[in-house]
Amino acid sequence: MQTLDPITAAAPTGAMASPAVARNTDPILAVLKAHLPADGRVLEIASGSGEHAVAFARALPRTTWTPSDPSPEARASIAAWAAEAALPNLNPVLDLDAARPDAWPPVDVQAIVCINMIHISPWPATEGLMAGAARVLPDPGGLLVLYGPFREADVPLAPSNEAFDASLKSRDPAWGLREVEAVVALARTHGLHLTRRADMPANNLMLLFRRVG
Ligand SMILES: C[S@@+](CC[C@H](N)C(=O)[O-])C[C@H]1O[C@@H](n2cnc3c(N)ncnc32)[C@H](O)[C@@H]1O
């Protein structure tokens with residue numbers, strides 16, 4: 001995971017720390033607070049280090065937060081942060097690969113949050129994410145939240161995102177910034193409709209989709 005460092009002085013043993021998480025947690029949380037259901041149950045896909053999961057569960061004590069990641073290293077980090085935080089509303093981490101929605105563990109949630117995954121995974125992960133979200137989320141009203149850098153038609157890509165896209169593709173040609181229009185079109189085929197597009201710091205976007213059958 002490109003943004004994660006193995007250990008910092010502040011991290012518990014076995015945990016990873018992400019400088020990006022330190023920067024983007026508060027802006028993401030502001031949008032989540034405005035749109036997540038009160039007393040809601042949330043599945044986080046691609047939880048990475050686990051720092052978001054702890055921060056969001058702590059800041060949203062009436063929300064039940066379930067982190068997940070297919071990477072054993074990430075799951076160990078998430079478990080380490082969670083053990084230190086000991087939050088009653090933070091569930092154990094799940095082993096979940098977005099690209100294999102038929103193999104997702106059973107979950108009962110009203111919202112799915114996926115931060116910084118769809119550009120750092122092959123497109124089938126986004127396809128699986130949409131198929132799985134459509135199956136898991138309640139209809140109507142279920143919410144899918146995406147965060148990350150995107151391409152948009154008729155919007156020049158920021159130089160920093162152009163360089164990031166090139167570096168992603170050099171690591172894996174199947175990775176790279178996704179086009180908002182392609183993601184929105186894919187979501188629509190699964191009954192998930194874009195209801196909000198929010199500009200975020202550092203040329204990122206948050207895209208909110210609602211389940212509409
Ligand atoms: C850049 S990290 C982002 C982690 C965290 N969400 C954050 O913002 O710090 C990308 C994460 O996506 C996860 N990932 C990659 N492919 C995935 C897939 N097919 N399904 C679920 N997660 C995946 C990786 O294991 C990694 O934890």
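Salt bridges number 10 in this predicted model, a salt bridge being a side-chain nitrogen of Lys or Arg within 4 Å of a carboxyl oxygen of Asp or Glu. Residues are numbered from 1 along each chain as its sequence is written, and side-chain values use heavy atoms, with hydrogens and water left out. Because the model is predicted, local features need pLDDT of at least 70 and side-chain atom pairs count only at pLDDT 80 or more, while totals for chains, interfaces and linings use all residues.

**Salt bridges**

- Arg135 and Asp102 form a salt bridge through their side chains, with an N to O distance of 3.5 Å.
- This pair links distant parts of the chain, 33 residues apart: Arg135 belongs to helix 4 (residues 123-136), and Asp102 to the loop between helix 3 (72-85) and strand 3 (111-115). Helices (H or I, at least four residues) and strands (E, at least two) are DSSP runs, numbered from the N terminus.
- Arg135 is partly exposed at 48% relative accessibility, whereas Asp102 is exposed at 74%. Buried means under 20% relative accessible area, exposed over 50%, and partly exposed in between, with a 1.4 Å probe and protein chains only.
- Glu152 is in a salt bridge with Arg197, their closest N and O atoms lying 2.8 Å apart.
- Glu152 is buried at 18% relative accessibility, and Arg197 is partly exposed at 35%.
- Arg197 also forms a salt bridge with Asp199, at 3.0 Å between the closest N and O atoms; Asp199 is exposed at 58%.

**Nonpolar cores**

- In soluble globular proteins, nonpolar side chains tend to be buried together.
- The largest nonpolar core contains 30 residues, and Ile45, Ile112, Leu129, Leu144 and Leu146 have the most contacts inside it. A nonpolar core is a set of buried Ala, Val, Leu, Ile, Met, Phe, Trp, Tyr and Cys residues joined through side-chain atoms within 4.5 Å.
- Two or more residues come from each of strand 1 (41-45), strand 3, helix 4, strand 4 (143-148), helix 6 (180-189) and strand 8 (204-211). Helix 4 gives the most, with six residues.
- Leaving aside neighbours within four places in sequence, Leu146 has contacts (heavy atoms within 4.5 Å) that include Cys114, Leu129, Val183 and Phe209.
- A second, separate core has 29 residues, among them Phe56, Leu90, Ile115 and Ala198.
- Thr126 lies in helix 4 and is buried, with a relative accessible area of 0%. Not counting residues up to four places away in sequence, Thr126 touches Ile118 and Leu186.

**The sheet and its helices**

- Six strands form an open sheet of mixed pairing, in the order 2-1-3-4-8-7; two strands pair if DSSP finds at least two bridges between them.
- Strand 2 (64-66) and strand 7 are the edge strands, each pairing on one side only.
- From one strand to the next, the twist averages 20°. Axes are lines fitted to C-alpha atoms, for helices over the stretch in contact, and angles run from 0 to 180 degrees between N-to-C directions.
- Strand 7 pairs with strand 8 in the antiparallel sense over eight bridges, and His193 stands opposite Arg210 in strand 8.
- Helix 2 (residues 51-59) packs on the sheet against strand 1, strand 2 and strand 3, its direction making about 175° with that of strand 2.
- Helix 6 packs on the sheet and touches strand 4, strand 7 and strand 8, its direction making about 15° with that of strand 8.
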